[in-house]
Structure formats: C-alpha cells, structure tokens
Amino acid sequence: MEAGDVPGERDAEGPGGTMAARGSERGATERGGAEPTGAMESVLLSVDGARICYRLRKQVVTAVESATFSMDRHERLMLIGPSGCGKSTLLKAVAGFIPLAGGRITFDGHEDLTPGPDRAVVFQEFDQLFPWRTVLENVAYPLRVVGRERSEARAIAERFLEMTGLTQAADRHPHELSGGMKQRVAIARALALEPAMLLMDEPFGSLDAITRARLQRELKAIADRTRVSILFVTHSILEAMTLGDRVVVLGSPPSRVLDIVDVRGLGGPGDPRYVETQAHLHELLGATDEDLSGVEG
Amino acid sequence: MSKAEAALAPADEAPKAGELPRGGSWWRPAGLAMPGAQGGRGVAGRRQSAWSRLPTWFRRLIVFVVLVAFWQFYVTVKHVNHLVFSSPSAAMTAVIDGWRNGQIAHATATTLEVLVIGMAIGLVVGLLFTVAATVTTVGKDFVMMMTAMINPLPSIAILPLAIIWFGLNSKALIFVIALAVVWPMAINMSTGFTTVNPTLLMAARNLGLHGSRMIRDVLIPAALPYTMSGIKVSWAFGWRTVIAAELVFGTAGGSGGLGYYINNSQYFLQIPNVFAGLITIAVIGIAVETMLNMVEKRTVVRWGMQRSA
Ligand SMILES: Nc1ncnc2c1ncn2[C@@H]1O[C@H](COP(=O)(O)OP(=O)(O)OP(=O)(O)O)[C@@H](O)[C@H]1O
Ligand SMILES: [Mg+2]
C-alpha cells in the first residue's frame, strides 16, 4: 500500500496547538464518513492465535506462544509485559518482518503482511537511523521514498524535528547524538510519514521524565489530530494508562495474552476506578508492593 | 531478499561495539591528558620531552630533512660511485629535468592510464561478483573459493601467461592488474553487504525500499567502510603490480611506463634517473593513499561508521 493513500494532514502548518484544535472538527468528519461502513470495517488489526518462533542455531525458541487481540481503527493499543516476553517480536510480526509459525495477523483486510510505510515502525534499537544521513535527511529521505517533493519533504521534516526538539541537531549525524535523541529522530521519522498505524517499541524508554512527558503529550495531540492508530510497547504501567485506550498484558515467556484492560476515560489518580485498574495491572504483571516502591512515582 | 530475511532473524539487541569518544584510542581515552597537552604531563604523569610537544608534521619534517641530509652527506663524503648510487640533489635534479623534458610525465601518464583501466575493470567485475555472492549461494561459494585460491598468488606471476594470451601489449598488463584488484574488492564488498546492521535493513524495508533503490540508497552506503578498505587494498596491490609488470616489460622492450623508465635508465646507467623514477613512484603512492584517507575521513569516519582512517 502506498503511504500516499493514508489520510492525514498535509499542510505545512506547525504541529502545535492550532492543528490539534482543528483536528477535532476534522476527526468528526472522518468519523462521520467511517460510520456507515459497519462494525467489521472498524477493525484495523486482528491478531489471531499468533505463534512466533525464532531459530536459534539448532533449536527453535518460541517467543510468543499464542497471542490474540484486535485493534480498532484509530485505537491506541498498549502492549505491556515483562522483559523478554515477546513484545518486540509481536510488533515486528505486525510490521511484516517475522513470519508466523501459527495463527494469523490481519491488517486492514490483508493477511500476508510485507513491511511497508503504512505501518511505520519506531524500533527499540538505537541503530535504526541511517548513519550517513544527517538528522534532517533521516527524516526527509523516507518522505522522498514515499513520493514527496524535495522541498516539501524538507519542510515536513523540519516541522517534526522542531516538535521533537531536535532543530539544533538537524545537521548532525546520528553518531553524534545521545541515545534518547536518536530515538526522538526515529519518532519524528515515523510520525512524518503519517502512516495508517504507528508501531512504537518503547520509544520513550531512554528519555528523562520531563522529555518523556512532553513527547507523550505531543504524541497524544498528534493522535487526536490525525487519529492515527498506535500499537505501543511499553514497560510502564503509568505510560500505558496515560497514552492508551486499551492495554494488552502479555505473560512471561513463552507468552500468551493474560488480559486486555480498558483504560479509557479514567480520571486522575484520585479516581477510584483509576486506582483499581492500576492495581489490576500491577497484579497481572506479578509485581509485589515491594517491587513497586519507588517506581512509577 | 531471502538473505535480508536471514540476516533479520538473529536480530542482536546488543549495542554496536566500541564507540569511543573522538580523539581517543583504545589504549588512551580522549579524556586523559594527551602528550603535548597543557603542563606537558603525560598519561603516566611522566614529563613529556620537548620533542614530543612539537607538532606532528614538524617532527616528521625534521626526521625527513635529517635523513636526506645524511644521505647527501654520505654520498658527498664517501665519494660513492655515481654509476652505482646517486645523491639526493642529483636525484632531485633528475626529477626536475625529467618533468621538464616530459619523460617522467609521459611515463607516469602511461602507467596511470593502464592502472586506472585495470582497476576500473577489476572494480566492476568485483562488484558483479559481490552481487552474485550476495544474491546466490553458488556465487558466494565461487567468490570464497576463488579468493582463497587466487588471492595468495601474486598476480604478477600470471604475467607470462597473460603475455601469451594477450600479446606483448598493455592488454596483458590491464589483465594482470584487474586480476590483482578483483578478489580483494569482491571479498571486502560482499562482507560489507552481508554484515549490514539488521535493524537498519528493517528500517529501510519498513519504508518499502527494495530492489535497486535498496542497493543504491542503503546497502552501498552501509557497506562503504568495507568497500573503502577494499579499494585501499586493491590500490596497494594494483600499484605494486603495475610497476613490477612494467619492469618485466621493460626488459622485453615494451610499453613506456614508470617501471620501463626505471629499467631503461638503469640500462643506460643514468642512476639519478632511476632514483627520480623511484621518487615519483613513492610520491604518487603517498598522494593516492592520502587522498583515499581523506575520502574515508569525509565519509565513513565522519558518519561514525569507522573510528579513524
Ligand atoms: N533474533 C532472535 N533470535 C532468537 N531469539 C530471540 C531473538 N529475538 C528475540 N528472541 C527471544 O524471543 C523472546 C522475546 O524477545 P523480545 O525481544 O520480543 O522481548 P521483549 O518483550 O521485547 O523484551 P524487552 O522488553 O526486553 O524489549 C526472548 O526470549 C528472546 O530471547
Ligand atoms: Mg523489546
């Protein structure tokens, strides 16, 4: 699928407040347009008993035993679970990089998935940027690949670099950046593509609390505006509850889905439902109170 | 893209090895006091000599001047036979004369022309072999086998055969040079292609890149550190081979390159000219190596893909 087909803002306006404000009316029209197509159409991604194995020398290692969940169009689905439970693996399978050993993954009605810019990925690894391109080129080049004009690609790239606070670093090469800065470039690159779905693998994992909170806010604003669907891997229950609509909890490997928790419309930490949901997630992840003392504020 | 997929499967999450800060080396981190830094105290707290506090280029210049002075002194004082050995001044005069009357310039042009054609053919064929080795297993086996067999063989040893096949002309030379260049190119580039960082490949495929654009925009730049070292090795092989081949040709009375010039000068006992030829060869060698290092500095080193040239 061409990324050009993906609905989204194309104008050169700043990514800040104005667009977020205008997004609401835009979102409304889009929602209105999508409604008559019926319930089946609203499912964007469905993962059905997906089983994913790695070949490790002579052995076969099962990373994901069986995962079943589905994701609606415009939904923000959080994937949470202990380290090594197969979150990244599942994300890469959805992106089309790893074939399934069993089960099915259907995206937008298609079953045999190949990698494409309609599912832009922010990888967990720091070395996902092109070392020979500057920060600006790293964001602009993918836009050229999906068919944008040079000047347009540059303008969009500059806009997203500003949003991720990287304007100062635009002319540097990736190896001259910190780990967190590299991740922000990758985030800018994925966002700039305005994909149908964003696949983000612990994108804020290496950022300080303040930058993290700011980028979470920005991501939320962008998602509100463009209504992009997001599959988001995180370790943080708090982050999952802040950003997500629903949270898919994976168990320890070989993993299955333990529960899918709805975190929509929860109030702040004062809300009893919030506290209850948080406690439930903690319990699912097998954390004791001791484990959590001093964690997640 | 089966190879790319195979490369993807063992995605190792470990960070890339050894990213030391700029200006350091593995035994001397950049943070520590450098020789020549303020106060003149070195890593071990030992006082640095006045000598090591001088700029590098200046130290090297002094060494060079002293060596040349010694050479001149030796030849002048010992009255070495001019038909056996030449003084640096005589050699320099011969270099200047040779460039003035066009002999050295012509010889240099002839040598470089043959070398450039030979290397270009070698590079292109090496690239083709690389593609074959990257795309097919048979190609890989072929390249590995040929490299293991032919690379240890100094390609100048093929010259007698090449002369029989191509005749006593520059085609034989070009063949031998191309042969010297193909294998180091093929082995280095195919290593470069197959060791591209899997995450980078995934990021590229995520953009929908494939085919020729993938090769041009991702694989070739990603393999550049290996390609550059391939080119450096090829140059070293090619340059030595062409001079050696011309020396052999020279006795046979052919071509007219730098090797021939040296051989011919020796034949007529013009020893300063022999030295002039040697100096020219050394200077060209240094110039090309410096140029290649500069290219490396501006590309792979600047991009952090290789620590230093
Ligand atoms: N390339 C690989 N080859 C073999 N096994 C792998 C490979 N990648 C991951 N695994 C295994 O698959 C399992 C899941 O790995 P994955 O990277 O998906 O975990 P994760 O949930 O993303 O962990 P983290 O939160 O630490 O990033 C792990 O047990 C890991 O050892
Ligand atoms: Mg992971």
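Mentor: A salt bridge is a side-chain nitrogen of Lys or Arg within 4 Å of a carboxyl oxygen of Asp or Glu. By that rule, the interface of chain B and chain A holds 0 salt bridges. This is a predicted model, in which local features need pLDDT of at least 70 and side-chain atom pairs count only at pLDDT 80 or more, while totals for chains, interfaces and linings use all residues. Residues are numbered from 1 along each chain as its sequence is written, chains are lettered from A and ligands numbered from 1 in the order in which they are written, and side-chain values use heavy atoms, with hydrogens and water left out.

Let us begin with the extent of the interface. Chain B places 27 residues in contact with 28 residues of chain A, contact meaning heavy atoms within 4.5 Å. Together the two chains bury about 2,500 Å², and carbon and sulfur atoms carry 60% of this. Buried area here is the accessible area (1.4 Å probe) that two parts lose on being put together, summed over both. On the side of chain B, B:Asn206, B:Leu207 and B:Trp303 provide 27% of the area buried against chain A, more than any other three residues.

Although salt bridges across the interface number 0, polar contacts are found there: 9 residue pairs, both partners at pLDDT 80 or more. A polar contact is a pair of N or O atoms within 3.5 Å; within protein, one must be able to donate a hydrogen and the other to accept it, and residues adjacent in sequence count only if both atoms are side-chain atoms. Two helices of chain B, H8 (198–206) and H9 (211–222), each contribute at least two residues to the side that touches chain A. Helix H8 of chain B gives the most, with 7 residues. Helices (H or I, at least four residues) and strands (E, at least two) are DSSP runs, numbered from the N terminus. Sorted by class, this side of chain B has 15 nonpolar, 5 polar and 7 charged residues. For that sorting, Ala, Val, Leu, Ile, Met, Phe, Trp, Tyr, Cys and Pro count as nonpolar, Asp, Glu, Lys and Arg as charged, and the others, Gly among them, as polar.

The context of chain B comes next. Chain B has 12 helices and 0 strands. Of its 309 residues, 38% count as buried; the term means under 20% relative accessible area, with exposed over 50% and partly exposed in between (1.4 Å probe, protein chains only). The accessible surface of chain B is about 17,100 Å², 68% of it on carbon and sulfur atoms. Such areas come from the Shrake-Rupley method with a 1.4 Å probe; for residues, only the protein chains shown count as cover. One residue of this chain, B:Thr110, sits in helix H4 (residues 103–135) of chain B and is buried at 18% relative accessibility. A polar atom of the side chain of B:Thr110 lies 2.7 Å from the backbone oxygen of B:His106. Beyond its neighbours within four places in sequence, B:Thr110 is in contact with B:Gly256 and B:Gly257.

Among the contacts in chain A with a separation of 6 or more, 66% join residues 24 or more positions apart.

A:Glu125 belongs to the loop between strand S5 (119–122) and helix H3 (135–145) of chain A, and A:Lys92 to helix H2 (residues 87–95) of chain A, so the pair ties together parts 33 residues apart in sequence. Both A:Glu125 and A:Lys92 are buried. Another salt bridge, between A:Glu158 and A:Arg154, has an N to O distance of 3.4 Å. These two residues are 4 residues apart in helix H4 (residues 150–163) of chain A, which means that about one helical turn separates them. A:Glu158 is partly exposed at 38% relative accessible area, and A:Arg154 is partly exposed at 45%. Finally, A:Asp48, A:Arg104 and A:Glu111 are linked in a network of salt bridges.
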